[in-house]
Amino acid sequence: MSTSTTASVSTHILDTSVGRPAAGVAVHLAARTGRDGDWQARGGSATDADGRCKDLPALPEGTTHVRLLFEVEPYLAQTVNEQADAQQDAPANRDGGAVFFPEVVITFVVTPGEHYHVPLLLNPFGYSVYRGS
């Protein structure tokens, strides 16, 4: 049993359209105390070459809710264009560089002493998240 008074959070992003980690994606963390508390920006990081954020800010004591904001638009815009260029029918697959999901926001409840690993599975037209280990 953990005796820590705070929860901890980690994340990573896998681009399922290419089967590789998504590097260079900015991730911002906010926290609040209580369901009706005000969100407090805690800082952020960016995914490394392995798609992981290893240095997300620590959560303050009493945190009950966490919000992760993933700025995926720059990454997806670059990746979609690279994939289109590699395909024979590239012009038919382009959407003017538009990205359907410019950001992904995940909000979840935390318990003191627990670690929460929240992976993001990403592709140009969808995403999925889950509580990992």
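**A sheet and its salt bridges**

Let's start at arginine 131, which is partly exposed at 47% relative accessible area (buried means under 20%, exposed over 50%, partly exposed in between, with a 1.4 Å probe and protein chains only). Keep in mind that this is a predicted model, where local features need pLDDT of at least 70, side-chain atom pairs count only at pLDDT 80 or more, and totals for chains, interfaces and linings use all residues. Residues are numbered from 1 along each chain as its sequence is written, and side-chain values use heavy atoms, with hydrogens and water left out.

Arginine 131 meets glutamate 114 in a salt bridge of 3.4 Å, N to O (a side-chain nitrogen of Lys or Arg within 4 Å of a carboxyl oxygen of Asp or Glu). Arginine 131 sits in the segment after strand 10 (126-129) and glutamate 114 in the loop between strand 7 and strand 8 (115-117), so the pair ties together parts 17 residues apart in sequence (strands are DSSP runs of E, at least two residues, numbered from the N terminus). Glutamate 114 is partly exposed too, at 37%.

The whole structure has 3 salt bridges. Another joins lysine 54 to aspartate 48 at 3.9 Å, N to O; lysine 54 is exposed at 67%, while aspartate 48 is partly exposed at 27%.

Now for the sheet: 4 strands make an open, antiparallel one in the order 4-3-6-7 (strands pair if DSSP finds at least two bridges between them). Strand 4 (40-46) and strand 7 (104-109) are at the edges with a single partner each, so one side of each has no neighbour in the sheet. Strand 3 (residues 26-32) pairs with strand 4 over 6 bridges, and alanine 26 has alanine 46 of strand 4 as its bridge partner.
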